[in-house]
Structures are given as structure tokens and as C-alpha cells.
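Please open the structure in a viewer and keep the selection tool at hand.

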Amino acid sequence: MSSNGPLRGRRGECETLDRLLAGAKAGQSQVLVLRGEAGVGKSALVEHLVANATGCQILRAVGIESEMELAFAGLHQLCMPIMGHLDRLPGPQRDALAIAFGLSAGNVPDRFLVGLAVLSLLAEAAEEQPLVCAVDDAQWLDQVSAQTLAFVARRLLAERVALVFAVRTTAQGTAEVRSSAHGTADDQLRGLPELLIRGLRDDDARALLDSVVPGRLDERVRDRIVAETRGNPLALLELPRGLTAADLAGGFGRPDARPLASQIEQHFLGRIEALPDETQRLLLVAAAEPVGDVSLLRRVAERLGIGPAAASAAEAAGLIEFGTRTRFRHPLVRSAAYRAAGLEARQDVHRALAEATDPESDPDRRAWHRAHAAVEPDEAVAGELERSADRAQARGGIAAAAAFLRRATELTPDPARRGARALAAAQATFEAGAPDTARELLAAAEMGPLDELRRARLARLRAQIVFARRRGGEALPLLLDAAKALERVDGAQAREAYLEAIGSAIFAGRLNGHDSMPRVAEAALAAPRGGQPPHLPDAAEAAHATQPPSLADALLDGLAKRFAEGHVAGAPLLKQALQAFRRDPCGNGDDIMRWLWLTWLIAGDLWDDETWHELTTHAVRTARQSGALNYLPLALTYRAGVHVHAGAFDVASGLVEESDAITEATRNSPLAYASLLLLAWRGENDQAASVMRANVRDATSWGEGRAIGLGAYLNAVLHNGLGQYEDALADAQHAAEHEDLGVYGFALVELIEAAARCDARDAGAAALRRLAERADAAGTSWARGVLARSRALLSEGRAAGPLYREAIEHLQRSRVAVHLARTHLVYGEWLRRENRRADAREHLRTAYEMLSRFGAKAFAERARRELMATGEPVRQRAAEVREALTAQEAQIAQLAADGKTNSQIGAELFISPRTVEWHLRKVFTKLDVDSRIKLRGVLTGS
């Protein structure tokens, strides 16, 4: 048992915290979220944790409601005591954290680099002394701090760190926090280990109540109080104070009349209102000043004429402590002190706080106080907020930038400028992941006298919001209207809007009708060149025409021609567009990331595995460097797809896990493509087909018709692997009913193999003609390889042999190892049927070795059965031991085998070097190796 005994009625919870401490001290990182309604005892349990953390360094932070929009505020509180370790961090991490905390100026810090820096900072400090990090009122953390701490919590493993969050919820278990466009910090913490803190049991509640009620208490009254408070300790301690027996007999009114937190807060209000006026004003200042800066509080008190006696009275009332930092007895005291004051008094206090805040060291908080102090629209304050928004965005706080811009909009007196700021606020809010609030701001912007350009931009943003929420045809007419409006004022934005419209039509697929895509393409082809202002003089127009097209222009030209005139006609332009993206990947980093959702599909449609590899490599890197949480999951998902086709299933699985963790942390829609692709190629799940069909149903429910073709194609892969060729044929035919970009050609390949096995020669021949046309237009090794294999499958007699060998030659020059392995498989199957057993064994053995190593179990089983049919016994591969590794262990093992150090691996996977070392010890044990050289041998099969 710990040095400080358990709290009344909390023995189990205290023992959990004691075990958590012991684990952290032993070098096993611990994370726990204490979740419960206001007053239930979370803060008391946090105090128990801290009191028993002997030999540990304590880091504390408290979420503050008024700071929810100030990026990194909570993180700054927690990390400041250990910033002396900052110099030990690698340079990029050190610089990112310094910029995030405003300690130095610089470019936008990589959000994930900041997360890794915090992880490294904690790990460094924990090397000297175990760390206990306690975050109270975590529901009020600013969004960036919550995301970062949740990110760190999910990556702590082998560090001497205990990270505990206390989150206030309602009685129903939802986060109790004012409505926020960007969700709550509690959303970020979902999925972490948690402990639900409930009210005390009746016997413990009665005992606690008896301890604070003077004299005897009627048992019926006591039972009623216990029932109405549901055993909430703070309610039991606070509500009966100062009440007579008659008051207690009256109870608290109907239990459902108002939330319990309001009852408790009402009690604190009563206690505050009984204090002298000066004391109330001091409490108001402390409540409005969110960081607990005692020196600032003193300066403001002097400015407002509040004497020292006010502080003594506040402390004597047991409501607040003034030490090195101002600290309220309970968060509800802070909110009660603020609510107790009238609007004018609050404005006076915020004004005084703004005047006392240094504009050089803390301009953003000064601007925020000025905004709260404003009694009417004020352009000076609105302008200051707008500048704060720029600073917030530069530091990665997009949510904070959006909040500043929203308040700036409210305080802007000029209608035209107010509309412009509302539009800017809507854009920032949308980028921060709050489309509903962005839509409200667009409505506010519409009420202003916007010029033609801003009105067109507004229409485009509204369409983008619709597309982000439902990637179907609903956004298509809106994007076309926006593009038409932009043609008159901004040719570049108009063409981007047309490109987005084509993207919308692509994702709507067959649900939008077969004739919609050509109509969109025709409209895009008629659009003016990007960046060309309207009505240029002839000479200027000629000069403009000589400028190279933008990357968006190149994409639009290729896609418009492809959908207006067909795949073969559009292929040359699309190949040129992809080459333009690859030509200067560093300079085009933002465009690569921004348009990856289209370029990925185009490259797949052209069987261009090299472009797949380069685009996803640069997209992931750019998204990491810019901290673009909205783009990184997509980049990781598509990068995972590259690894699946390359046969690196374990690496792909690790990227899928990372993508899922980010989408969960940011509350973005999950991206199922890579996980379903893995499911299809692995072929190990009996329920895989139904899982994929369920995903198709979900996607089509919001109009994403492309999911129909994609799901059918993936089911065809699954069924071909399992040897269920009739099912594969039906799925592939369903997929090929519509020319979905990045799906159709793949579906034809699966259709041909299934048709060859089902003796459906006519269906196979028709598909082969379509495939040949597309593969010839693509001209890549991958395209030539799958075409030669498909011809071989439908060939008679000896003519098939040279085609199979041609396919292997082409595919050996590509990155798509799974397709090479499948070619060895079907060639070996053909050789066995031709009674060429020795030759068949060679190719079947190669297929089995490759497919087993990848983890393509269904296809490997096909190869194994065929190999045994040739009379060759199949021994278990040593590499199959690799299957015992988890996805993250496999990813770390591969990186280590590639020669990367623990620090490099940690930086790439956002974990600490100590955690990398911990994983590698497990990998070495599982694979029975004792060096990285031997590890490389096991993983490569050499």
C-alpha cells in the first residue's frame, strides 16, 4: 500500500493508481484517463497519485476553458518544468518545440515533429527520474495540446512515465464542455486506457455526509441526499454546508431539474457572493486570467485598486490559493467566480488584463483579452485578432486561428471587411476540421457586400465542404457553379474548381449516371487557362499563353480529355501531368500532397508504379513536415497501398495503423482502402467478403459510387486467391460495369483470370480486348506484364509459354512483386497441366516462397497445393516465423534491417529510441537472432 492511504470509498481506484505508479517506476509507461462527472472525485484521485509519487518528478497541467482556442497552452503548462532538457533533443525536434511554445520564431512547425519532441522531452527527463504527468480538467485542453498529448500517450511504452488525465463528463458519460466547432479534447483521448469514476457507494456516501453535517441528521433526509447526489463526493461535502435541518429536509428539488454541476456551481456562487466586493473582483480577475500568473494578477489588482486584504479573504474562504501560481480549489470555483460578475465587470477585468499583458511576449493572449473587453465593434481590436490568427496559424494552431478570425468577424464594424473576414474564418475553420461551423460562417459572409471574387470563392468553399462530408455527386453541381463564377475573376481558381468537380464525378461513379462525366469534362475543356485574368489585351494574352501550365492545369487537361474522348486519348496528357509532378517533387511538395487523391488514381489507371512510389513518398514527407493532419492519413493510406502491391504487407499494416490512429485523434472519416486491400490479398479472413460489402454499403449511403467498383474488384482478388473462380468472375464483371478511375483496368485483369478458370472464354476475350487497349496506352512494365499474363491465360497450347515468360520479364522490372508472384503461380499451374512437372515446380516454388513471405495466404495456399500435386513435399519456410511479429514489430524490424539506427526509427515512427530498443529485443527473441545482420537475413530469406 502506498504511503498515503486510500480515499474514503476509493480503495479500488487508489490501488489502480498505485499499480500505475509502480509500473512507471519499473520502466513500463502507463497511461490512464479518469473519467467522471463534476465533483465525483477525479481531482482527489489525482492528488492521491501525486502524494504517493515518491521519488518521481511531478508535471502538472490544468485545462482552462478560456484557453481552449490558444494553441499549445496546455502543453506549455505541462512541459515548462523540464524545458532544461530541450538542448538534448535533436535539432529539428528542438526547433519545432521552441517555435510551438513561442520561444523562437520560424516556419510552421511539423505537428508530428512537435509530438515527437514532447515524447523525446519526456523520455529524456524520465532517464534521470520517473515522471508523473497529471492533467486535470483535460476536457478543457486546447485542441492542439490534446492531440499532441494523445499522440504521445499512444506511443509511450518503455519509458518511466505515467500520464494521467482527468476528464469531466456528464452523468450520461459524455464530455461536459461547452460546444466547440472542433470537438472536445476528450474526443482525442478516446481509446486510451480509462477508469470510470462513479459516485460513492451508499454506506461510504452516508459516512462522508455525516462527517460534514453538524448535529444529528434525519435518516430519511440523509438517504434522500445520498440518492439525489448519486454519491458525488463534492456534492455531499459542499451542498449541505450552511443549511439548516429544515433546508436539508427540503432536499435539492427534482434531481432532473438541472445538471448536478450547476447545483454545485450554484453553491459556490452563493459562497462567492457572500464575500466582500473587492474579494469578488479579485476572484473574477483570477478566473479571467487563465495561466495562474501571480505577478500579472498583482499588477491587475493594483490597476483596479484591489487591496491585499482581498486575497486574504479569498484564501480564508477556502476558494483559492496564491502561491507560485494561482490555484482555485476546484474548477467550478473558477467558473462560478466568472459567472458571478456582470457583463460590465467582466469587460473591465479583461481590459485591465489586456493593459497589463506584455504585447511583445504574449500578444495573442493580450488580443484575446481585448476582444473580451470590447463593448462594441472595434476595427483596431479586430485587426489585432486577425494578426493573432496569422501567428497562430504559423505555429500550427489552425483551430486557434479560426477562433481569432471568428471573433475578429464579430468585432468588425465595416460590413465589407466583416464579410471578407467571415470568409477567411470559414476557410480556416474548414481546414481545422469543423465543416458545420464553417458553413455558418459562410452564411454570415453572404450577408456582407462581397466582391465578385470573394463571392465566387465562397461558392467554391461551400462546395468543398459538401464534398468533404459526402464524397459523392451532391457536390458536383455546386463545384460546377463555383467554377463558372470563378471563370470571370480568377482563371486559376476556376480550373481548380473544375478539377475538383471532375474529382467529385469520379467518386460519385455509377451513382451519378454514365453521361455525367463527359458533360463535366466538356465544361472543363472550355475553361480558360489557369491564372489568366479575364479580357486580357491580345499582346498580354499571347505572353500569358507562353507560360508553362500549373500542375493543376496539367491534371485538368489530361482528365478532361480522358473523360471526354476516352482512355487512350487522355493517356499522353495524363502521363505528362504525372511527369510534371515528379519533375520537381521538393518544389511541388504542397501540390503533390493537395492533389494526391487524384494523381494516385491516375497513376493506378496507367499502371505507373514508379509514380505511385514517388508521389506517396513525397506526400507523406510533406504532410509530416507541414503537420497537415487532414492530408497525412490519406498519404499514409496510399503509401500503404504501394507497399501492398510491392509485397511488404507488414509495413503496409503499420502505416494503416498509424493512419487509423491519426484519423481517430483528429476525428476525420476513416480511410478503409488500404486495410481492405490487405484483407483481399491476405485472403485469410472468412468474413473478408462481407466486411468489404459492408464498407461498400456505408460508402454508397452517402453517394460514393466508386466504392461499388472498388469493393467488387477487391472481392474478385479475394475469390481468385481462394480459388473461388465463379464468384471472382461475377465480382469482376460487376466492377467492370463502370469505368471507375484506378479500378477498371485492375478489374479486367481479375476478370480474365477468373474467366480462364471458369471456361468463360467469350467474357475473357472481350475483357482482354479492352485491357490491351489500355495497357498499350500506359506502356509501363507493369501494364505490359499483366497484359502478357492475361493473353497467356486465354491462349491455347504452346503459345502460352512465351507469353508467361514475357510477363515475368516485364514484371521483374517493376515494383509490383505480388503481381510477379501471381504470374509465377499461373505459369506453374499451366506447366503442371502440360505435364512439365520439373519446370512447374520451379515456378510454383518461387510463387510459394514469395507469396508466403508477403503474407498472401490464399494465393500461397494455391501454390502449395499445386506444388504438392507435382509430387514435391512442401517444407515450412523459416520466414513464416515472421508472422509471429506484430505489425509495429515487423515495421521496426524492417527498418532496423535496412540499417537505420534506433533514433532514426523512432523519428520515423514517432516513438522514442527506448521504445524502439524494447521492440527490437522482442523481435530478436521471436526470430531467434542476436544481431541486425542476422535479422536482415531472416527477413530477406537469405
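Two strands are said to pair if DSSP finds at least two bridges between them. The model on display is a predicted one.

**The whole chain**

Begin with the entire protein in cartoon view. Its secondary structure comes to 49 helices and 7 strands. Of its 942 residues, 57% count as buried. Among contacts in the protein with a separation of 6 or more, 71% are made by residues 24 or more positions apart.

**The sheet**

Next, select the strands E1 to E5. These 5 strands form an open sheet in the order E2-E3-E4-E1-E5, with parallel pairing. E2 and E5 (194-196) stand at the edges with a single partner strand each, so one side of each has no neighbour in the sheet. From one strand to the next, the twist averages 15°.

Helix H1 (residues 11-25) touches strand E1 (30-37), E3, E4 and E5, and its direction makes about 160° with that of E1. Helix H5 (residues 111-128) touches E2, E3 and E4; the angle between its direction and that of E3 is about 135°.

**Strand E3**

Select residues 131-136, which make up strand E3. How many of the residues of E3 are buried? The strand is mostly covered, with 6 of its 6 residues buried. In a regular strand, the side chains alternate between the two faces of the sheet. Show the side chains here: Leu 131, Cys 133 and Val 135 point one way from E3, while Val 132, Ala 134 and Asp 136 point the other way.

Then bring in the partners of E3. Strand E2 (residues 57-62) pairs with E3 in the parallel sense over 6 bridges. Within this pairing, Gln 57 stands opposite Leu 131, and Leu 59 stands opposite Cys 133. Strand E4 (residues 161-169) also pairs with E3 in the parallel sense, over 5 bridges. The bridge partner of Leu 131 in E4 is Val 161. To follow the chain from E3 to E4, trace it through helix H6 (residues 143-153); this β-α-β crossover is right-handed.

Asp 137 is buried, with a relative accessible area of 5%.

**The aromatic residues**

Now select the aromatic side chains. A search of the whole structure finds 19 aromatic pairs. One of them joins Trp 600 and Tyr 673, which lie edge-to-face at 6.0 Å centre to centre, with 75° between the planes. Trp 600 belongs to helix H31 (residues 596-605) and Tyr 673 to helix H35 (residues 673-682), so the pair ties together parts that are 73 residues apart in sequence. Trp 600 is buried at a relative accessible area of 4%. Tyr 673, at 18% relative accessibility, also counts as buried because the cut-off is under 20%.

A further pair is that of Tyr 804 and Trp 830, which is tilted: 6.0 Å centre to centre and 45° between the planes. Tyr 804 lies in helix H42 (residues 800-812) and Trp 830 in helix H43 (residues 817-833), so this pair links parts 26 residues apart in sequence. Both Tyr 804 and Trp 830 are buried.

Trp 600, Trp 607, Trp 612, Tyr 638, Tyr 673, Tyr 713, Phe 746 and Trp 782 form one aromatic cluster. Trp 607 is placed in the loop between H31 and helix H32 (609-626). Its phi is near 50°, a positive value in a residue other than glycine. Trp 607 is buried, with a relative accessible area of 1%.

**Helix H35**

Select residues 673-682 next. H35 is mostly covered, with 9 of its 10 residues buried. Among the buried residues of H35 are Leu 676, Leu 679, Trp 681 and Arg 682. After H35 comes Gly 683, whose phi is positive, near 60°.

**Charges over rings**

For the last stop, show Arg 562 and Phe 563 together. The charged end of Arg 562 sits over the ring of Phe 563, 4.6 Å from its centre. Then turn to Arg 706, which lies over the face of Phe 507 at 5.9 Å from the ring centre.

Definitions and conventions. Residues are numbered from 1 along each chain as its sequence is written. This is a predicted model: local features need pLDDT of at least 70, side-chain atom pairs count only at pLDDT 80 or more; totals for chains, interfaces and linings use all residues. Side-chain values use heavy atoms; hydrogens and water are left out. Rings of Phe, Tyr and Trp (its six-membered ring) pair if their centres lie within 6.5 Å; planes under 30 degrees apart count as stacked, over 60 as edge-to-face and the rest as tilted. Helices (H or I, at least four residues) and strands (E, at least two) are DSSP runs, numbered from the N terminus. Buried means under 20% relative accessible area, exposed over 50%, partly exposed in between (1.4 Å probe, protein chains only). A charge sits over a ring if NZ of Lys or CZ of Arg is within 6 Å of the ring centre and within 35 degrees of the ring normal. A crossover is right-handed if, with the strands pointing away from the viewer, the path from the first strand over the helix to the second runs clockwise. Axes are lines fitted to C-alpha atoms, for helices over the stretch in contact, and angles run from 0 to 180 degrees between N-to-C directions. Contact means heavy atoms within 4.5 Å.
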